[in-house]
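Colleague: Could you walk me through reading a model like this one? I would like to start with confidence and then move on to the fold.

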Amino acid sequence: QTAMPTDTEANAPLVQPWEYSLRKYLLLLATLVITVTYAAGFNPPGGVWQVIHEGKLAGDPIIRQI
C-alpha cells in the first residue's frame with residue numbers, strides 16, 4: 001500500500017544540495033574573471049601607440065614605455 005503525498009509535500013520546493021549552488025556561482029565568477037581578462041588584453045591600461053614614432057612601435061602598450 002502506497003501513501004499518497006499530502007498537499008504540503010506535493011507543493012514543497014525541491015532543496016538543492018549546497019554543492020550545486022557553489023558550482024553555479026563558481027562558474028559565474030570564473031566567466032566574469034575570464035571576460036575581464038580577455039577585454040584587458042585588447043584594451044591595455046593607457047592605450048597603445050597608434051603610429052611608429054621615436055622607436056615606439058604601433059600597437060605596443062603605452063604603459064610599457066612609462
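Modeller: Happy to. This is a predicted model, and the protein chain averages a pLDDT of 80, with 76% of the residues scoring at least 70.

Colleague: Which elements have the lowest and the highest mean pLDDT?

Modeller: Helix H1, residues 7–10, has the lowest mean at 58, while helix H2, residues 18–42, has the highest at 92.

Colleague: And how many helices and strands does the protein chain have?

Modeller: There are 3 helices and 0 strands. Read from the N terminus, the order is α-α-α.

Colleague: Where does UniProt place the transmembrane region?

Modeller: The unreviewed UniProt entry puts that feature at residues 25–42. In the model this span is 100% helix, and its end C-alpha atoms lie 26 Å apart.

Colleague: What share of the chain is buried?

Modeller: Buried residues account for 6% of the 66 residues. The accessible surface of the chain is about 6,400 Å², and carbon and sulfur atoms contribute 66% of that area.

Colleague: Why does Gly59 count as partly exposed?

Modeller: Because its relative accessibility is 44%, and the partly exposed class lies between under 20% for buried and over 50% for exposed.

Colleague: Which residues does Gly59 touch, leaving out those up to four places away in sequence?

Modeller: Gly59 touches Val48 and Trp49. As for Gly47, 12 residues away along the chain, its C-alpha atom is 8.8 Å from that of Gly59.

Methods. Residues are numbered from 1 along each chain as its sequence is written. This is a predicted model: local features need pLDDT of at least 70, side-chain atom pairs count only at pLDDT 80 or more; totals for chains, interfaces and linings use all residues. Side-chain values use heavy atoms; hydrogens and water are left out. Helices (H or I, at least four residues) and strands (E, at least two) are DSSP runs, numbered from the N terminus. Buried means under 20% relative accessible area, exposed over 50%, partly exposed in between (1.4 Å probe, protein chains only). Accessible areas come from the Shrake-Rupley method with a 1.4 Å probe; for residues, only the protein chains shown count as cover. pLDDT is the predictor's confidence in each residue, from 0 to 100. UniProt positions are given in the numbering used here, feature names are shortened, and annotations may be inferred rather than shown by experiment. Contact means heavy atoms within 4.5 Å.
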